[in-house]
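Let's take a friendly walk through this model together. Please have your viewer ready.

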Amino acid sequence: MTRQQRDRPSDREIEVSLIGPGYGECVVVHLGSNRWMAVDSCLDKESGRAAALVHLEEMGVDPALHLELVVCTHWHDDHMRGISAILSACPEARFICSAALRESAFLELVALGENIRGLQGSGLSEFARIFQQIKFRRERNEPAPLETCHAGSILIDREENRAVVRVESLSPSSADHQRMASVFAGKKAELLEADFRQTVPSLHPNLGSVVLRIEVGTRRILLGADMEHRKSEDSGWNAILEILQPPR
């Protein structure tokens, strides 16, 4: 059966679509004027393709032309399935990940091989494919838009239809970035010293996740990913709430 064509929002409409089975989702956001962003990725149940690509194509939107930003909030498989396919299909889109995922210890985990997976999936195989794509693009002198973000990073800032469109990362904080670097280094040591060639220990706490604030005109959208609450004031949601509070 052919799936029905979805109605595309008008240029002045803001649309947020949450796609997924309930465990592992993708968020697709229309920012206005047929410009789109995708946050995380899951697979479409019928086709097995990246759900964001299917969703846009069903509205007659060409992702290669109109998907401008792809954000990977963190490395867990339930947030990453198919995200390398989005990058492949959208060569002009900027790909954003947490600054914590460019730590050398995490890159070494990725380099250990695509067969390494955690109990709930590690996302390492998707990152291996992403880094391979970036390498091939650079070898061909093509755009290789891989960027990292942290608390305070501005991902989009422009005026559209007389309204400000702004996308800002609220995490990870500087302290959490350093904490995740230590976590990755510790897990790398476990992998090298023990028999973890088929499974990766769970990488917790998850303090490197990217929380996004999206502003379009007077509308405010907060996408929390899997950020954790910790007791420390400079960590997790406490650090983010400090940013969100109006100046005293």
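Predicted model: local features only at pLDDT ≥ 70, side-chain atom pairs only at ≥ 80, totals over all residues.

Residues are numbered from 1 along each chain as its sequence is written, and side-chain values use heavy atoms, with hydrogens and water left out.

Let's begin with helix α1, residues 51-58. Helices (H or I, at least four residues) and strands (E, at least two) are DSSP runs, numbered from the N terminus. Seven of the eight residues of α1 are buried, so the helix is largely enclosed by the rest of the structure. Buried means under 20% relative accessible area, exposed over 50%, and partly exposed in between (1.4 Å probe, protein chains only). Those buried are A51, A52, L53, V54, H55, L56 and E58. What do they pack against? Their partners are β1 (15-19), β2, β3 (35-39), α2 (63-66), β4 (67-72) and α3 (83-89), with contact meaning heavy atoms within 4.5 Å. After α1 comes G60, which has a positive phi near 75°.

Now move to C26, in strand β2 (residues 26-32). C26 counts as buried because its relative accessibility is 0%. Leaving aside residues up to four places away in sequence, C26 touches several residues, among them S17, V39 and A52. Its C-alpha atom is 8.7 Å from that of M80, 54 residues apart along the chain.

Finally, visit L241 in helix α7 (residues 236-244). L241 counts as partly exposed because its relative accessibility is 43%.
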